[in-house]
Protein chains: 2
Amino acid sequence: MHAVPDALELLESKLADYQALDSIAYLMAWDQRTIMPPGGFHHKADQISLLQRLAHGTLKDPEIGRLLDELEERDLDPDSWDAAVVRVARRDYQKAVQVPVELSAEMARASAESAPVWLEAKATSNFELFLPLLERNIELRHRYIECFGPQDEPYDVLLDDFEPEMKTAEVRRIFEEIKPELVELIADLRDREIDDSFLTGDFDLDEQVALDHEVIDLFGHRPNTWRIDPTEHPFASGAGIDDIRITTHYYRDHLKSLFSTMHEYGHGLYQHQLPREYAHLPVGQSSGLGIHESQSRLWENLVGRSLPFWRFFYPRLQARFPDQFRNVDMEQFYAAINKSQPSLIRIEADEVTYGMHVILRFELEQDMINGRIELKDLPEHWAEKMHDYLGVEVPDHARGVLQDMHWSSGLIGYFSTYLLGTVMSVQIWEKAAEDLGDLDDQLERGEFTPLREWLERNIHAQGRKYPPQELLRRATGSTIDARPYLAYLKRKFGAVVVA
Amino acid sequence: MHAVPDALELLESKLADYQALDSIAYLMAWDQRTIMPPGGFHHKADQISLLQRLAHGTLKDPEIGRLLDELEERDLDPDSWDAAVVRVARRDYQKAVQVPVELSAEMARASAESAPVWLEAKATSNFELFLPLLERNIELRHRYIECFGPQDEPYDVLLDDFEPEMKTAEVRRIFEEIKPELVELIADLRDREIDDSFLTGDFDLDEQVALDHEVIDLFGHRPNTWRIDPTEHPFASGAGIDDIRITTHYYRDHLKSLFSTMHEYGHGLYQHQLPREYAHLPVGQSSGLGIHESQSRLWENLVGRSLPFWRFFYPRLQARFPDQFRNVDMEQFYAAINKSQPSLIRIEADEVTYGMHVILRFELEQDMINGRIELKDLPEHWAEKMHDYLGVEVPDHARGVLQDMHWSSGLIGYFSTYLLGTVMSVQIWEKAAEDLGDLDDQLERGEFTPLREWLERNIHAQGRKYPPQELLRRATGSTIDARPYLAYLKRKFGAVVVA
């Protein structure tokens, strides 16, 4: 005898299909960006577009609306997972029904088709190749925004997909608070002389690969569940909590890949520690991209560029690259990896200058969406802001507007989450340190389990139970606040200079 | 103004969705078997099962039946692609509607879930671990067979999925013709002494990888469309005609991987040369697994173990492995790679003994499906037949019943296509040689383009326009015929011994 399935079971079964299609699409995108033979782009675009059409169609099924209506009548404890399942499904359904499936399939197709073009445009520093992608994506975003009717700001619609429930005005307020302080700090640090010449050299690629594995194994994860692959633009992905795939870009002449791997470890760990019981449902996914980025920045910077960590790890690095580091002591190394210097490439920027790269993109995105600049003039506006904010001149498009893949694949509204996440990473770090008592000592002993478990308990295993700001408030006692971040930068980068 | 879509367009659009889901599922299976972190098996089973459910649901949509009814009223030229689209869709639809979606999803799940268990069972030679998989799969096949109502032989239902329109009785007839001749030839060759000691040794793995790439590049394909990855059990897959992925298993002490790569090249080339215009539809796929195998066996054996090929290629092999082959002349090498000797492992068997490995499996499959043997006794029956047919004793399950992944993943009815394909490969080869005039001379000059193009024209680019036997008849003038194959074996293996 079968019990009649309950409305919640029925809802979850439909949501599970949606979520599985979504994770298949993620895996397809991973495949495209790491190991697919380049000739496969055309097939892949067809397949990704179909998956998007099916996923979206599954999500906007009117039956979901009916089940939600029924479930919302029930008196569910708002703090329960059941209530969260319904809340998250309502949000997703509400958005899904406003957008035609054909449009979202077309957006997915445009994104998948752009990848090889962006790679070529970047390789040849050719903005003309990139411009049609940008035009197509901006046009698609305008059509997407229109689906949602009148807004305070059109950009709000885009932002909400990456940073749920955050308004453009709020981001602007936070960034306006950060901007003058960063400008001042950058100016202060500009003329400090720090020797980092030993970070450039000849670093055997096999050793770099082994180093990256050593670090992610040291930071910790369950066995047989992770892989690292080389790619053009590093990212983290995965097909589920036990199939985590991070990527990195190796450079023979530099150890940059190490920090990039720590960064992606943070993203991967979030995915790895999502609530097992709900990982097959939308409610069991990550809360938002800002929180996601807080995790990557936390492992990259607050662990990976910290003095306690390097007290522990530097001898291991020296053992792996004895010729390069034999005559460099730990304090010199620490100062070098924390050298602040305005530069051209966002993903290689130090902690101080990083924020300005994001603010520049956030501003330009709004100008593009609001039609305040012509797309063909984007490189000039880019160069102007790079000059004004960081005092650097852009020598070519590859190191300018073509450096990131986001805009070519339609990810507009995404960049700001990098800085929001960085800001939140400090709040989270400070609360973890308070709760754990001797976090610095733990790092210095190479113990990462307490931190990993704290993050799991307070952030990862919460899934999407709460929207990002509510999750942050529950974890740290406060919603987003730039002050700890600014104080941290001043403290740390004062100290580095003295060292 | 949009034209009203024609019934054929509507049908093709639905079939294209089905086909895309099917190729995504193939890619997921490739991922699972090559690069997925082992922890991902559970997610993968969910995803593959969902894809099967969606693909099957798409195919049995009653709207497809309605469109087919309408299109079958039309007076389409039976030799046209339009007629073939309809014919193939009717066949697929007819089968799909008889099977509940839940059953095919369960079969897909059982298959995906079996993979890690089979790997462990094989690694530990543990039949007890394997038996429940086999029981589950046989039970699922019985349920599957029942969907199709009464049959001449239940096994016909399974066979038809791999070798369309072929009956068990016909396979039995062909195999009965082959069996006594093979037994005699094996006995004749048993005591011939051929030195192949130089095929065992120390073969640098990087060099082996480079060799495999050299061979597939030499045989030929479009640039940026292929990849080769290591795996436990070699196979060919791909997500489309410009994304071909073959796999191989490298052994440090032997060059076996080279021949396995040539074999998979043949499969890959078929996929690569499917008709571009129809490759997104079922009609644009391969005609059947027997024909597929004819292509792999053709490149592995009729090219890859031929004297003309090695006249061309042996100096290159010597250059890559000078220590191993400096003192071995080409004739010795040729004799060694064609040494016939009964052995335990099917995929490593020589051309003469290979057939008996397949016949053994074909017979055991029918015994299992017809309940003539108990599944728990399978190893004994296996050992008995290995003794009777090949005169070898099975030392453990790993080198016996656990060696192939097929049964664990539910592929029952598949093995016979290996021998059917081998038989057809000789028919196809002889017709190609006749048409091309100087095929041997071409191989000896390292020219593979004419052969590749002949295969494209006569086999690959025909897709599923015709069922396998009709395709073969059009390509060679005859349906399947064991005589050319038997004559080839006697000719070649007589000659080798003399050399």
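Predicted model: local features only at pLDDT ≥ 70, side-chain atom pairs only at ≥ 80, totals over all residues.
In one salt bridge, D31(B) pairs with R245(A), with the closest N and O atoms 2.6 Å apart. Residue pairs in polar contact between chain A and chain B, both at pLDDT 80 or more, number 18. On the side of chain A that touches chain B, two or more residues each come from α1 (7-34), α2 (41-59), β1 (226-230), β2 (236-240) and β3 (243-248) of chain A. Of these elements, α1(A) gives the largest share, 9 residues. By residue class, this side of chain A comprises 17 nonpolar, 8 polar and 8 charged residues. The contact involves 33 residues from chain A and 33 residues from chain B. The area buried between chain A and chain B is about 2500 Å², and carbon and sulfur atoms give 65% of that area.

Over all chains, the structure holds 108 salt bridges. E348(A) and K256(A) form one of them, their closest N and O atoms being 3.1 Å apart. Because E348(A) lies in the loop between α14 (330-337) and α15 (351-369) of chain A and K256(A) in helix α10 (residues 256-272) of chain A, the pair ties together parts that are 92 residues apart in sequence. E348(A) is partly exposed, at a relative accessible area of 36%, and K256(A) is also partly exposed, at 25%.

In chain B, a salt bridge joins the side chains of E214(B) and R320(B) at 2.7 Å, N to O. E214(B) lies in helix α9 (residues 205-219) and R320(B) in helix α12 (residues 307-320) of chain B, so this pair links parts that are 106 residues apart in sequence. E214(B) is buried, with a relative accessible area of 19%, whereas R320(B) is partly exposed at 22%.

Elsewhere, D6(A), E63(A), R66(A), E70(A) and R74(A) are joined into one network by salt bridges that share partners.

The largest nonpolar core has 126 residues, of which I178(A), W310(A), F325(A) and W407(A) touch the most other members. Beyond its neighbours within four places in sequence, I178(A) contacts I359(A), L419(A), V423(A), A482(A), Y485(A) and L486(A). Another core, of 125 residues, lies apart from it and includes V99(B), I216(B), Y314(B) and A336(B).

Key:
Residues numbered from 1 in each chain as written. Chains lettered and ligands numbered in written order. Heavy atoms only, no water. Core = buried A, V, L, I, M, F, W, Y, C linked by side-chain atoms within 4.5 Å. Buried < 20%, exposed > 50% of the residue type's maximum accessible area, 1.4 Å probe, protein only. Contact = heavy atoms within 4.5 Å. Buried area = accessible area lost by both parts, 1.4 Å probe. Salt bridge = Lys/Arg side-chain N within 4 Å of Asp/Glu carboxyl O. Polar contact = N/O pair within 3.5 Å; in protein donor to acceptor, adjacent residues only side chain to side chain. Helix = DSSP H or I, 4+ residues; strand = E, 2+ residues; numbered from the N terminus. Nonpolar A, V, L, I, M, F, W, Y, C, P; charged D, E, K, R; others polar.
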